[in-house]
Amino acid sequence: MGYIMDLRKLVGHSPLMQVGASVIVEDERGRVLLQLRSDNHCWGYCGGSVDLGEEVEEAAKRELYEETGLVANSLSLFGVFSGKDTHYVYPNGDEVYNIDIVYICKDYCGDPVPQKGEVDELKFFELSELPENISPPIIKPIEAYVRSRK
């Protein structure tokens with residue numbers, strides 16, 4: 001997160017284009033792991049900003065581990081999401097337009113443990129029982145994922 005934080009020192013809350021690497025974790029029963037975010041109290045998948053010089057897939061694996069303690073043995077690219085639907089203003093006023101590169105992970109190891117200060121809860125959900133309060137910038141990717149599973 002160093003790169004984005006360094007930019008924030010220069011631009012304040014002004015809009016930034018942010019490249020994100022995200023992971024939709026699916027368990028052996030086809031349920032999806034979501035996290036209850038500490039900042040906006042909405043549910044979302046794991047993910048975060050790609051650091052300068054970092055490979056996107058490595059960023060996705062890093063974010064998954066940091067936020068859940070899970071280690072991704074393999075990832076498959078699901079899609080790239082951008083545009084107006086990924087615009088977001090964080091509770092602290094920071095504004096971003098995300099380019100979200102989303103992976104699916106079915107091959108992982110470890111036990112889910114929420115990252116203190118960033119994640120309040122981790123829970124596997126059936127696709128038919130996803131929570132309504134999905135974090136706004138990931139609504140379109142989640143909808144696309146649900147459609148892909150039908």
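# Notebook: strands, cores, rings and cysteines

I began with the strand pairing. E5 and E7 pair in the antiparallel sense, over eight bridges. I note here that this is a predicted model. Within this pairing, I found Phe81 opposite Asp100 in E7.

Next I followed E7 to its other partners. E1 and E7 pair too, in the parallel sense, and over ten bridges. Ile24 is the residue that stands opposite Ile104 in E7. E6, residues 87–89, runs antiparallel to E7 and is joined to E7 by three bridges. I looked up Tyr88 and found Val96 as its bridge partner in E7. E6 and E7 form a hairpin, with five residues between the two strands. Gly93 sits in that turn and has a positive phi of about 100°.

**Overall layout**

I then stepped back to the whole chain. I counted three helices and eight strands. Read from the N terminus, the order is α-β-β-β-β-α-β-β-β-β-α. The C-alpha atoms fill a box of roughly 45 × 30 × 25 Å along the principal axes. The radius of gyration is 15 Å, and a compact globule of 150 residues would have one near 15 Å, so the two agree. Buried residues account for 44% of the 150 residues. I also checked how far apart in sequence the contacts reach. Of the contacts between residues at least 6 apart, 72% join residues at least 24 apart.

**Largest core**

Which residues touch the most other members of the largest nonpolar core? I found Val23, Val25, Leu64 and Leu75, in a core of 19 residues. Two or more residues each come from E1 (16–26), H2 (56–68), E5 (71–81), E7 (95–109) and E8 (119–125). E7 gives the largest share, four residues. In soluble globular proteins, nonpolar side chains tend to be buried together.

I took Leu64 for a closer look. I left aside its neighbours within four places in sequence. Leu64 is then in contact with Val23, Val25, Cys46, Gly69, Leu70 and Ala72.

Then I went to H3, residues 139–148. Its buried residues are Pro141, Ile142, Ala144, Tyr145 and Val146. What covers them? The cover includes E1, E2 (32–37), E5 and E7.

**Aromatic rings**

I searched for aromatic pairs and counted four. I looked at Phe78 and Tyr145 in detail. Their ring centres are 5.8 Å apart and their planes stand at 75°, so I logged the pair as edge-to-face. Phe78 is in E5 and Tyr145 is in H3, so this pair ties together parts that are 67 residues apart in sequence.

Tyr145 has 1%, so it counts as buried. Phe78, Phe81 and Tyr145 form one aromatic cluster. Phe81 is the residue I had already noted opposite Asp100.

**Cysteines**

How many disulfides are in the whole structure? My search found zero. I checked Cys42 to see why. The closest cysteine sulfur is in Cys46, and at 15 Å that is too far for a bond. Cys42 counts as buried, at 14% relative accessibility. Cys105 is in no disulfide either. Its nearest cysteine sulfur belongs to Cys109 and is 9.0 Å away. Cys105 is buried, with a relative accessible area of 0%.

Last, I looked at His41. His41 is not a glycine, yet it has a positive phi of about 60°. His41 lies in the loop between E2 and E3 (43–44).

Key:
Residues are numbered from 1 along each chain as its sequence is written. This is a predicted model: local features need pLDDT of at least 70, side-chain atom pairs count only at pLDDT 80 or more; totals for chains, interfaces and linings use all residues. Side-chain values use heavy atoms; hydrogens and water are left out. A nonpolar core is a set of buried Ala, Val, Leu, Ile, Met, Phe, Trp, Tyr and Cys residues joined through side-chain atoms within 4.5 Å. Buried means under 20% relative accessible area, exposed over 50%, partly exposed in between (1.4 Å probe, protein chains only). Contact means heavy atoms within 4.5 Å. Rings of Phe, Tyr and Trp (its six-membered ring) pair if their centres lie within 6.5 Å; planes under 30 degrees apart count as stacked, over 60 as edge-to-face and the rest as tilted. Two strands pair if DSSP finds at least two bridges between them. A disulfide is a pair of cysteine sulfur atoms within 2.5 Å. The radius of gyration is taken over C-alpha atoms; the globule rule is 2.2 Å times the number of residues to the power 0.38.
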